[in-house]
Amino acid sequence: MTGITGQDGAYLAQLLLHKGYRVIGAVRRASTLNLPRLAALDLVGQVELNTLDMQDFTSIVRLVEEIAPDEIYNLGGQSSVQASFKQPLYTGQTSGMGTMSLMEALRLIAPEVRVFEAASSEIFGLAGNGMVDETHDFHPRSPYGVAKLFSYWSVVNYREAHGLHVSNGIMFNHESPLRGMDFVTRKITATLAQIACGSQQMLMLGNLDNARDWGFAGDYVGAMWLMLQQPKADDYVIASGETHSVRDFVMLAAQAMGLDIEFVGEGVETRGLDRKTGRQIIGVSADFYRPSEPDPLIGNASKAHKKLNWQPKVNFEQLAAMMAESDLERARNGQVWY
Ligand code: NAP
């Protein structure tokens with residue numbers, strides 16, 4: 001598994017270990033390994049770690065030869081849309097070319113391995129209104145979306161041209177208490193928790209009316225595994241089928257922490273007031289707006305429901321409450337963030 005130190009990596013490692021797998025995480029060499037998510041699920045020591053960088057074709061070849069895996073889950077790469085506007089080439093190299101490198105390595109030395117590729121709903125971008133399924137046109141709106149589209153087509157091409165068992169999971173946003181702090185849901189729950197505990201004054205956000213199809217990461221890793229158990233590889237949309245705004249998420253998270261928020265004003269003038277004290281605790285800044293946004297995408301996961309028998313268990317309200325409660329607990333215990 002690449003990306004084992006990330007959000008999905010931790011939940012997927014937990015699932016695979018539970019199923020009796022030997023799990024080997026392919027991690028970038030760093031002076032300090034990024035292990036808090038694996039530690040949060042008590043998995044450090046249960047997974048093996050080996051060195052790999054998605055930018056280094058030779059490291060992919062070496063590791064595949066050394067391990068001879070039955071399945072590969074490719075979750076590693078620059079995963080933030082916002083960061084991709086600042087690091088477009090790095091994003092392309094890791095999340096685009098990285099997948100092509102993996103495909104080419106497998107074609108050369110291990111064509112029998114089954115592979116899951118973490119594709120993204122960001123490939124749809126300007127999709128118009130309505131639900132989006134596997135047949136929808138693509139129009140990515142960020143360097144991340146462009147990189148993921150290259151990756152998506154690499155997978156399709158190596159499947160069609162060389163018969164590799166590679167599947168794209170076209171995943172819509174999925175979150176959890178292990179989500180990185182640079183993603184909006186986690187920024188909201190972590191900062192509101194600090195506000196509730198008195199150690200932070202203000203939560204600054206971008207466009208509150210941006211809407212996403214948000215699910216729980218723990219549910220989405222189940223779909224990854226199911227794809228590799230199919231006799232034939234294919235591409236699947238993995239989504240909740242509902243869309244909610246950032247404002248909705250803020251309200252639910254605040255509620256779960258006992259904060260009562262009222263929004264006044266519009267656009268960048270919007271202010272979120274704590275009803276109990278009248279104090280402003282939420283503000284909006286154009287600095288957090290993206291240069292270009294996708295349409296509010298809603299995923300149609302009927303194919304995954306039908307063919308994989310996959311169903312998410314955690315809904316939007318439960319997700320917001322789960323993340324809020326987890327961050328409130330961390331804030332109360334003065335725990336370090338990740
Ligand atoms: P994440 O928490 O940001 O994790 C990303 C992982 O990629 C980390 O383990 C990171 O390792 C690793 N990585 C970064 N650069 C790398 C490189 N050059 N070589 C090897 N590994 C590298 O992301 P996530 O939310 O778990 O997402 C997992 C995958 O699903 C990503 O590919 C993401 O783009 C895709 N995806 C996610 C969502 C979502 O909503 N979460 C939706 C659609 C698709 P370090 O610890 O070394 O940084």
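Contact here means heavy atoms within 4.5 Å, and helices (H or I, at least four residues) and strands (E, at least two) are DSSP runs numbered from the N terminus. The model is predicted, with local features requiring pLDDT of at least 70 and side-chain atom pairs pLDDT 80 or more, whereas totals for chains, interfaces and linings use all residues. Residues are numbered from 1 along each chain as its sequence is written, and side-chain values use heavy atoms, without hydrogens and water.

Helix 7 comprises residues 184-196. Ten of its 13 residues are buried, among them Thr185, Arg186, Ile188 and Leu192. After helix 7 comes Gly198, with a positive phi near 85 degrees.

The ligand is surrounded by 25 residues (a heavy atom within 4 Å), of which Thr5, Asp8, Arg28, Ser79 and Tyr144 are the closest. Polar contacts (pairs of N or O atoms within 3.5 Å) include a polar side-chain atom of Tyr144 at 2.6 Å from a ligand oxygen atom. A backbone N or O atom of His174 lies 2.9 Å from an oxygen atom of the ligand. The ligand alone exposes 900 Å², of which the protein buries 90% (Shrake-Rupley areas, 1.4 Å probe). Helix 1 (7-18), helix 5 (88-109), strand 4 (114-120) and helix 6 (143-162) each give two or more residues to the shell around the ligand. Strand 4 contributes the largest share, three residues.

How values were computed:
Expected span 1.5 Å × (residues − 1). Buried < 20%, exposed > 50% of the residue type's maximum accessible area, 1.4 Å probe, protein only. Polar contact = N/O pair within 3.5 Å; in protein donor to acceptor, adjacent residues only side chain to side chain.
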